[in-house]
Amino acid sequence: MAEPTNSEPALDNLVIDGEVIPGRLWLGTSLYPSPSIMGQSLQAAGPGFVTVSVRRQTACQIEDNGHWQLIDDWLQQSGSILLPNTAGCHSASEAILLANMARELFGSRWIKLEVIGEDYSLQPDPFELLVAARELVAQGFRVLPYCTEDLVLCQKLLDAGCPAVMPWGAPIGTGRGLQNLQGLKTLRERLPEAVMVIDAGLGKPSQAMQAMELGFDAVLLNTAVARALDPVQMASAFAAAVNGGRQAWQAGLMIERQQAQASTPTLGLPFWHQDGKA
């Protein structure tokens with residue numbers, strides 16, 4: 001067996017609902033300049049999950065067959081897992097219907113659950129989200145809900161049977177990064193055993209690394225790669241950042257201090273005077 005490299009820490013698999021997820025960077029499949037560039041970006045990222053929007057993309061993709069065939073080919077050769085989502089839904093009933101359509105189309109129990117409550121910010125509706133999550137879990141789905149960093153909501157979603165929660169970093173497509181840093185820190189600290197994924201709002205690899213350094217288990221993004229000047233290179237940069245952030249969290253970050261502390265000891269050095277006088 002090959003020795004693990006620095007980019008592949010030993011025994012550090014991400015496991016959700018008993019299934020090993022083959023990567024901590026998850027990637028969407030919309031907005032790319034071309035199917036070819038999307039395919040190259042997937043290759044560069046090596047994502048654990050590949051997301052597709054059932055409402056906004058899948059029908060036309062399956063009709064023209066090109067875009068979807070490329071995704072399907074990638075899934076077959078890579079080991080990445082398909083994650084359909086319910087983007088565009090505004091009620092629990094809509095999301096439940098779309099999730100069932102996705103299961104019929106793709107034969108998968110995985111679903112990224114989105115129920116939008118406000119169109120300007122695309123903020124999730126916590127009430128409809130929880131209703132939909134409970135029903136879909138009861139129907140046998142593996143529900144990964146897109147939510148805010150609200151601690152009470154995340155706890156209720158986990159109690160409902162969701163195997164992970166996916167709080168936003170910032171509104172979808174904004175690229176603002178981790179807007180409520182303290183809220184996300186609190187969420188991670190209060191729910192230390194839960195699988196948590198930062199979903200939406202990341203625009204830079206450094207923001208993905210920051211999320212991983214906080215102890216989040218994975219990140220999901222789309223626009224930051226798809227709309228980059230060079231999506232393939234950006235996908236590679238995000239993959240490196242996610243791996244680096246995970247390794248930093250495992251290594252244990254130093255504790256921040258208010259006062260400076262010299263890295264070189266001064267005690268016993270020649271000409272050093274404790275009272276500061278010559």
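Helices (H or I, at least four residues) and strands (E, at least two) are DSSP runs, numbered from the N terminus. The legends below use these labels.

**Overview. The chain as a whole has 10 helices and 12 strands.** This is a predicted model, in which local features need pLDDT of at least 70 and side-chain atom pairs count only at pLDDT 80 or more, while totals for chains, interfaces and linings use all residues. Residues are numbered from 1 along each chain as its sequence is written, and side-chain values use heavy atoms, with hydrogens and water left out. Of the 278 residues in the chain, 48% are buried. Buried means under 20% relative accessible area, exposed means over 50%, and partly exposed lies in between (1.4 Å probe, protein chains only). Contact means heavy atoms within 4.5 Å. Among contacts between residues at least 6 apart in sequence, 65% join residues at least 24 apart.

**View 1. Aspartate 17 sits in the loop between strand E1 (14-16) and strand E2 (19-21).** Its phi is positive, about 55°, although aspartate 17 is not a glycine. With a relative accessible area of 42%, aspartate 17 is partly exposed.

**View 2. Tryptophan 110 lies in strand E6 (residues 110-113).** Its relative accessibility is 4%, so tryptophan 110 counts as buried. Neighbours within four places in sequence aside, tryptophan 110 has contacts with residues including Asp17, Phe49, Leu83, Pro84 and Arg142. Arginine 142 is 32 residues away along the chain, yet the C-alpha atoms of tryptophan 110 and arginine 142 are separated by 4.7 Å.

**View 3. Threonine 29 belongs to the loop between strand E3 (25-28) and helix H1 (35-45).** Threonine 29 counts as buried because its relative accessibility is 1%. Its side chain reaches the backbone oxygen of threonine 51 at 2.8 Å.

**View 4. Helix H1 packs against helix H10 at an angle of about 20°, with the axes 8 Å apart.** H1 is therefore roughly parallel to H10. Angles under 35 degrees count as roughly parallel, over 145 as roughly antiparallel, 65 to 115 as roughly perpendicular and the rest as oblique. Axes are lines fitted to C-alpha atoms, for helices over the stretch in contact, and angles run from 0 to 180 degrees between N-to-C directions. In H1, Ile37, Gln40, Ser41, Ala44 and Ala45 meet Pro231, Val232, Ala235, Ser236 and Ala239 in H10. The residues of this contact divide into seven nonpolar, three polar and no charged. Here Ala, Val, Leu, Ile, Met, Phe, Trp, Tyr, Cys and Pro count as nonpolar, Asp, Glu, Lys and Arg as charged, and the others, Gly among them, as polar.

**View 5. Helix H8 (residues 205-213) packs with helix H10 (residues 231-251) at an angle of about 25°, and their axes are 7 Å apart.** H8 and H10 are therefore roughly parallel to each other. On the H8 side, Pro205, Ala208, Met209, Met212 and Glu213 take part, and the residues they meet in H10 include Met234, Phe238, Gly244, Arg246 and Trp249. The contact of H8 with H10 holds 11 nonpolar, two polar and two charged residues.

**View 6. Alanine 200 is placed in the loop between strand E11 (197-199) and H8.** Phi of alanine 200 is near 90°, a positive value in a residue other than glycine. Alanine 200 is buried, with a relative accessible area of 9%.

Key:
A polar contact is a pair of N or O atoms within 3.5 Å; within protein, one must be able to donate a hydrogen and the other to accept it, and residues adjacent in sequence count only if both atoms are side-chain atoms.
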